[in-house]
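Hi,

Here is the two-chain model I promised to pass on.

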Amino acid sequence: MPDAPQTTYRPGQAHFFADLDQTPLLGAVDAPDETSAPTSLWKDAWLQMRSRPLFWVSAVLIVLVIMVAVFPQLFSRTDPSFCDLSRSVGDPRAGHWFGFDFQGCDVYARVIYGARASVSVGVLTTIGVTILGVLIGSAAGYYGKWFDIVLSRVTDIFFAVPLLLAAILVMSVFSTHRTVVLVAIVLAVFGWPQIARITRGAVLSVKNNEFVTAAQSLGISKPGILMRHIIPNAMAPVIATATVSLGVFIVAEATLSFLGVGLPASVVSWGGDISRAQSVIRTAPQLLLYPGGALGLTVLSFIMMGDVVRDALDPKARTR
Amino acid sequence: MAWYAARRLLQMIPVFIGATLLIYAMVFLLPADPIAALGGDRGLPPAVADQLRAQYHLNQPFIVQYGFYLKGLLTGNLGTSFTQRPVADMLAQAFPTTLKLASMTLVIEAVAGIGVGLWAGIRKGGIFDATFLVISLILIAVPIFVIGFAGQVLFGVKLGWVPPTVGANVNFKTLLLPAFVLATASFAYILRLTRTTVVENRNADHVRTATAKGLKPGRVISVHVLRNSLIPVVTYLGTDVGALLGGAVVTEGIFNIPGVGNLLFTAIKRHEAPTIVSVTVFLVMVYLISNLIVDLLYAVLDPRIRYA
């Protein structure tokens, strides 16, 4: 059999080419190979993603940031909270590449150790909003009727209150016990409406499919259908949005810490360091740029990844 | 259309009541006693504390307190702060500043975003397109306070083009830098939105027809491509108006602008519960109304959309 001229990969349609001599008149017969396995949405998305350089750039950055967040001691041997006022705003020297901040702490070590707070708030909040949003959105979309009316209004109410404002309000009440988990909970409680709206829309478009009717006729309970058949098929837009919002929540945490209502000074965080760089910004702007740059790069990698994931999971957008 | 607007206004009522209840509960329910926190370490004299409690109905059940607040709100009374200043006065003082800043920001982000997005969409895949796609990603990723500080140091201190902070003299020149800083992220979003829809519309049938019947390229772009591409952009601008009028807490803080965002943040720091509630409720109202206006604008931009 000669090599098939496969220029583009069509999922689920591996083509069969007959030998030339079997079909003298036509030259070749091109027909879908019925025996090829159907490609799932996820495999298709993966094949589409891995061909894009942007995916690999953001994936490498995200893996790097997560490595730094989990094992900061691999990247810096300096203690970020060991500060010596005699080297306040000191210039870079061997072993201290980024110099020292106002308190005389090593800036490089603080940038490295600051990753943990940002990444954990981002990840925890995203998990929180996804659980809340998917539960509320899918219940509203699937059960419909008054359930939908009530839940959609509740979503509207939370949507109308600005995220950052609500977070500042609640965080300012907790003057003690400000921890990563508390910040994540507060952000999640006010951040879920977007995911809920998207889930509701996706569930509405999925729930009238034949396989749902088939599952109903097999006697599967309503929650069973929702959990096993509808939610898995409605997850694609949710995952794309959640990836982007991970970056958004990292910025929100940094903003809270910057305003002095986020993580306390005892926790090494980029937002807090940027806030403290404020006082010496005219003489030492580099103190702003290192944590600011690290924060920007982290958020950028999640936003780029979200873009790639959305393109891969949304075939309509892909044709452009 | 009027019918649709009326129905939307009716739908806003439960959302408005729910949002005010949520905000009221967050402010008055969460801290154990807002009055006790007022006095600091020494505490208020019991007589003063009792009088304040009575004035704000804090000695009554929560739902009764909220009822009194809602009643005041419906009669146009936004309440008074713990320092006995009417909240409406404070808002009236701060809002014009925020309005100026918001309108400047809106003009900058809309003109620059639509302009650059249109050009990038027409020349898709070119060097201009690629450059601005990268720039827009960076502008979205870098938090506003980093951009704000960098701009303040560069243009305000090092180059001295504009005053680094605003303070009491609010005018076009002092607000220019804050407006640009505030516009950066939205500029990037508008650019990307415009570019995507322009690319989509550029190959649409009606555009090909317009070109084929011999219209000048400028007219094809401005009438047939741009007008159809503006619908998602207008949606975005509408939500952004709501956010901008809410006062940019961070930007107003960095540049020391006496706007709504600053008023709110100061009130939060001082635990001024009545001020916080009323200003936030005002913001929610602005947000809901700007959303309604956007929905009504759709019909102007896209005649296919009919409101029944």
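In chain A, buried residues make up 41% of the 320 residues; "buried" here means 20 or more other C-beta atoms within 10 Å of the residue's own, "exposed" means 12 or fewer, "partly exposed" is in between, and the C-beta atoms are placed from the backbone. For chain B the buried share is 37% of 308 residues. Before you read on: this is a predicted model, in which local features need pLDDT of at least 70 and side-chain atom pairs count only at pLDDT 80 or more, while totals for chains, interfaces and linings use all residues. Residues are numbered from 1 along each chain as its sequence is written, with chains lettered from A and ligands numbered from 1 in the order in which they are written.

**The two chains**

Chain A has 12 helices and 2 strands, where helices (H or I, at least four residues) and strands (E, at least two) are DSSP runs numbered from the N terminus. Along the sequence, chain A reads β-β-α-α-α-α-α-α-α-α-α-α-α-α. Chain B has 13 helices and 0 strands. Its C-alpha trace spans about 85 × 55 × 30 Å along the principal axes.

How do the contacts split by sequence separation? A contact means that the C-beta atoms of two residues, placed from the backbone, lie within 7 Å. In chain A, 68% of the contacts between residues at least 6 apart in sequence join residues at least 24 apart. For chain B, residues 24 or more positions apart account for 71% of the contacts with a separation of 6 or more.

**Where A meets B**

Between the chains, 33 residues of chain A are in contact with 34 residues of chain B. On the chain A side, helices H4 (145-160), H5 (163-173), H9 (222-259) and H11 (286-313) each supply at least two residues. That side has 23 nonpolar, 6 polar and 4 charged residues. The classes are simple: Ala, Val, Leu, Ile, Met, Phe, Trp, Tyr, Cys and Pro are nonpolar, Asp, Glu, Lys and Arg are charged, and the others, Gly among them, are polar.

**The core**

The largest nonpolar core has 161 residues, and those with the most contacts inside it are Ala167(A) and Ile168(A). Such a core is a set of buried Ala, Val, Leu, Ile, Met, Phe, Trp, Tyr and Cys residues joined through C-beta atoms within 7 Å. H9(A) gives the most to this core, with 20 residues, and at least three residues come from each of domain 1 (2-74) and domain 2 (90-301) of chain B.

**Inside chain B**

Chain B is divided into domain 1 (2-74) and domain 2 (90-301), with bounds that come from an automatic or database domain assignment. The domain centres, taken over C-alpha atoms, are 33 Å apart. Domain 1 puts 16 residues into the contact and domain 2 puts in 12. On the domain 1 side, helix H1 (2-28) and helix H2 (34-38) each supply at least two residues, and the largest share, 11 residues, comes from H1(B). By class, the domain 1 side divides into 14 nonpolar, 1 polar and 1 charged.

One helix pair to look at: H12 (residues 260-269) and H13 (residues 273-301) of chain B pack at about 145°, with axes 8 Å apart. The axes are lines fitted to C-alpha atoms over the stretch in contact, and angles run from 0 to 180 degrees between N-to-C directions. In H12(B), Val260(B), Leu263(B), Leu264(B), Ala267(B) and Ile268(B) meet Thr275(B), Ile276(B) and Val279(B) in H13(B). The residues of this contact divide into 7 nonpolar, 1 polar and no charged.

Which residues other than glycine have a positive phi? Lys145(A) has phi near 50°. Lys145(A) is found in helix H4 of chain A and is exposed, with 8 other C-beta atoms within 10 Å. Asn256(B) also has a positive phi, of about 50°. Asn256(B) is found in the loop between helix H11 (249-254) and H12 of chain B, and counts as partly exposed with 14 C-beta neighbours inside 10 Å.

Cheers
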